[in-house]
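Hi,

Here is the structure I promised to pass on. My notes on what turned up follow below it.

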Amino acid sequence: MNSKTELRRREATDTDALPADLHPLLRRLYARRGIRQASELERGAKNLHPFQSLSGIQAAVEILQRALANNLCIMIVGDFDADGATSTALTVLALRSMGGQNVKYLVPNRFDDGYGLSPEVVEQAAARGAQLIVTVDNGISSHAGVALAHEKGIPVVVTDHHLPGETLPDADAIVNPNLNDCTFPSKSLAGVGVAFYLMLALRSQLRNCGVTTLPNLAELLDLVALGTVADVVPLDANNRILVWQGLSRIRAGKCRPGIRALLEIANRDARQLAASDLGFALGPRLNAAGRLDDMSVGVALLLSEDLGQARMLASELDALNQTRKEIEQGMQSEALALCDRLEASSEALPLGIAMYHPEWHQGVVGILASRLKERFHRPVIAFAPAGDGTLKGSGRSIAGLHMRDALERLDTLNPGLIIKFGGHAMAAGLSLEEANFDRFRQCFADLVGDWLDAESLQGVVWSDGELMAQELTLPTAELLREAGPWGQAFPEPTFDGKFRLLQQKLVGERHLKVMIEPLGGGPLLDGIAFNIDTALWPDPSVKQVELAYKLDVNEFRGNRNVQLIIDHLWAL
C-alpha cells in the first residue's frame with residue numbers, strides 16, 4: 001500500500017425497493033452498487049434484452065441466411081485476445097450447427113497482420129476462398145479492409161463492440177451496440193456477447209422460415225461467460241445474466257472440452273467456479289497465445305471436441321503463459337527503473353506516462369501498462385517496436401480519463417503524430433513512428449495534465465464497511481460467492497477492519513500468509529495477501545493491522561474454511 005492510496009467506504013443508499021426477504025448484508029451491498037429494483041437481480045436467460053433492438057442485426061441475419069442457403073464459404077475473422085477467440089469459436093460452432101457446411105476462421109497474427117480486418121487479412125481470406133467475411137470483436141475501424149474485400153467481390157458483416165470513429169466502414173451490415181443509432185439497452189456487451197446475439201437472431205429467423213433442426217445456443221454460454229469476463233467489460237444487468245448462465249453451465253459440467261482442460265491446468269474446481277476465476281485463471285492462459293504466438297491455438301482449443309486434444313492445447317497455452325510472465329517481469333523491472341530515474345531527477349513523474357524500450361515485447365505491453373497504472377495510479381501507455389520503424393502501444397487509464405477520447409484529441413491537435421488508434425474508456429491501442437515517440441510522450445503528458453487534477457491521481461480503495469465478528473464465517477463467504485457474478489463495474493464486496501496480527505510468513509516468492517483475529521474479539525482467521533512488497537513484509541514488529549479484504553472460501557483436501565483475501569494492509 002503506497003501513501004497515495006486512501007481507504008473510503010461506499011455510501012449507504014436506500015434499500016426499500018429491494019425484496020424484503022433478501023439477506024440484510026446483500027441488500028446493503030446491492031444498493032451500494034446502484035441496484036434499485038428486484039428485476040435488476042434476475043439471472044434467468046428469459047430476462048435478457050431481446051436482440052431486435054440491435055441496429056443492423058436484421059440485415060446481418062439476411063446476409064447470413066442467404067450464405068447458408070447457397071453454401072457460401074463464410075470466413076470468420078476474429079481478434080487475438082480472449083474475447084476474440086471466444087467470439088470466433090462461438091460463431092463457427094453456431095453457424096456449423098445451423099447448417100453451415102463451409103465455415104472457416106482466420107485470426108490475425110498480432111505481429112504480421114496488425115489489428116482487425118486489415119488489407120493483409122482480407123488477402124488471406126480471399127486466398128482461402130472466402131465468399132463472405134464476418135468480423136467478430138473487430139472491424140468497426142477497418143475501412144481499408146472492407147474496401148479491399150468489396151473490390152474482390154466479398155461482402156462483409158461487421159460485429160464489434162469497440163467505440164466507432166467519426167465514420168463507419170462501408171460494410172454490408174454492422175452490428176455494434178455502441179453505434180449512435182442503436183437503441184439496444186446494454187452498451188457493455190463484449191465482442192462475444194454481440195456474436196451470441198447475432199446467432200440468436202439468425203436462429204430465430206431460420207425457425208420462422210420453417211427450419212426444424214436447430215441447435216440450443218444456450219450450450220455456447222460458457223464461451224460467452226469466459227469472453228465477457230476476460231475482456232473486463234462492465235457487468236451490467238444483461239452481462240450478469242450472460243455470465244451467470246455460462247458459469248452455471250460450467251459448474252454443472254456442461255462446458256466445452258477446451259474450457260474443462262483450461263480449468264484442469266489452472267487447478268480450478270469447476271463446481272466451485274467464480275467469475276473471478278474466468279478472469280484471473282482462464283483468461284490469461286487463453287490470451288497468452290495471442291500475445292506471444294498465434295491465437296489460432298486458442299481458437300482450436302475452444303473448438304476441440306476431444307478432451308485429450310484439448311488437454312494438449314491447454315498445456316501449450318499454459319507454457320506460453322509462463323513465458324509471458326517471465327517476459328513481463330523483466331519488462332516491469334526495466335520500466336520501474338526508468339520511473340525511478342525520472343523520479344530521482346529534477347522532473348516530477350508526469351500525470352500521463354508514455355514509456356518505450358527497444359527490447360520490449362509488443363504482445364505484453366498492455367499488461368505492463370496495466371501494472372504501471374496500478375502502481376502509480378495514472379494513465380500509462382507502453383510501447384514496443386513493431387520491427388518496421390513503427391511502435392505498437394497499449395494504454396490503460398484511470399477513472400476520470402477516457403483513453404480513446406484522449407487519443408482522438410491528440411490526433412486532432414497533432415495531425416500525423418498517430419498512425420492509427422482505437423479502443424475503450426479504460427484501454428486503447430495505437431501505433432506511431434518510432435521517430436515520433438518523444439514528441440508523443442510530451443503531448444500525452446501535457447494533455448493528461450490538462451484533463452486531470454491531483455485528486456484524480458489519488459488511489460482509492462473502496463470498502464463496503466466492516467463485517468461484525470459473527471459475520472466472519474463460512475456461510476457469509478458462501479452467500480457472497482453465490483450473490484454474483486461480481487466483476488467490472490459491479491465489484492466483488494471488499495470490507496475493512498482492524499485485526500491483531502498473530503502469525504505472518506512468506507509463502508511462494510511474494511505471498512504473505514497470516515493468522516489474525518478482530519481487535520474487538522472474534523474468530524481466528526487465515527488470510528493471504530498476494531504479491532506483497534517483500535521489503536516491507538513480513539515484519540515481526542507489527543502486531544496490529546488494518547486490512548481491506550474480500551471474504552473467500554478456501555478449499556484444501558476436501559475441507560472448506562473461510563479465508564480473507566487481503567487486497568491492502570497497513571501497519572497500525
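Let's start with a definition: a salt bridge here is a side-chain nitrogen of Lys or Arg within 4 Å of a carboxyl oxygen of Asp or Glu. Before the results, some housekeeping: this is a predicted model, where local features need pLDDT of at least 70, side-chain atom pairs count only at pLDDT 80 or more, and totals for chains, interfaces and linings use all residues. Residues are numbered from 1 along each chain as its sequence is written, and side-chain values use heavy atoms, with hydrogens and water left out.

**Salt bridges**

Side chains of opposite charge can pair when their charged atoms come close. Searching the whole structure gives 23 salt bridges. One of them pairs Glu555 with Arg481, at 3.9 Å from N to O. That pair connects distant parts of the chain, with Glu555 in strand 16 and Arg481 in helix 16, 74 residues apart. (Helices are DSSP runs of H or I with at least four residues, strands are runs of E with at least two, and both are numbered from the N terminus.) Salt bridges with shared partners also join Glu478, Arg481, Asp552, Glu555 and Arg560 into one network. Glu555 counts as partly exposed at 34% relative accessibility; for these labels, buried means under 20% relative accessible area, exposed over 50%, and partly exposed in between, using a 1.4 Å probe and protein chains only.

A second salt bridge brings together the side chains of Glu305 and Arg256, 2.8 Å from N to O. Glu305 sits in the loop between helix 11 (296–303) and helix 12 (307–344), and Arg256 in the loop between helix 8 and helix 9, so the pair ties together parts that are 49 residues apart in sequence. Glu305 is exposed, with a relative accessible area of 59%, while Arg256 is buried at 11%.

Then there is Arg8 with Glu6, whose closest N and O atoms are 3.1 Å apart. Arg8 is partly exposed at 25% relative accessibility, and Glu6 is partly exposed too, at 31%.

**Helix 8**

How far apart are the end C-alpha atoms of helix 8? They are 21 Å apart, which agrees with the 21 Å that its 15 residues (237–251) should span at 1.5 Å a residue; the expected span is 1.5 Å times one less than the number of residues. Of those 15 residues, 12 are buried, so helix 8 is largely enclosed by the rest of the structure. The buried ones include Ile241, Leu242, Val243 and Trp244, and also Arg240, Arg249 and Arg251. Their cover includes helix 6 (191–208), helix 7 (221–230), helix 9 (257–265), helix 10 (275–292) and helix 16 (474–482). After helix 8 comes Gly253, which has a positive phi, near 80°.

**The cavity**

A cavity here is a set of points on a 1 Å grid over the protein atoms alone where a 1.4 Å probe fits but cannot get out, and its lining residues have an atom within 4 Å of a point. Grid points are joined across faces, edges and corners, and the volume is the space filled by probe spheres set on the points. The count comes to 1 cavity of 30 Å³ or more, and the largest cavity has a volume of about 30 Å³. Its lining is made up of Leu501, Gln504, Leu512, Val514, Ile516, Trp537, Val545, Leu547, Ile566 and Leu569. Two or more lining residues come from each of strand 13 (495–507), strand 14 (511–518), strand 16 (544–556) and strand 17 (559–571), and strand 14 gives the largest share, 3 residues. By type, the lining divides into 9 nonpolar, 1 polar and no charged residues. (Nonpolar covers Ala, Val, Leu, Ile, Met, Phe, Trp, Tyr, Cys and Pro; charged covers Asp, Glu, Lys and Arg; the others, Gly among them, are polar.)

**A few single residues**

Is Ala548 buried or exposed? At 0% relative accessibility, Ala548 counts as buried. Ala548 lies in strand 16, and its contacts (heavy atoms within 4.5 Å) include Leu7, Val461, Phe495, Ile566 and Trp570, leaving aside residues up to four places away in sequence.

Glu166, in the loop between strand 5 (156–159) and strand 6 (173–175), is exposed, with a relative accessible area of 78%. Gln458 lies in the loop between helix 15 (437–451) and strand 12 (459–463) and is partly exposed at 26%.

Cheers

Technical notes. 1 Å grid on protein atoms, 1.4 Å probe; cavity = no way out; pocket = protein on both sides within 12 Å on 5 of 7 lines; lining within 4 Å.
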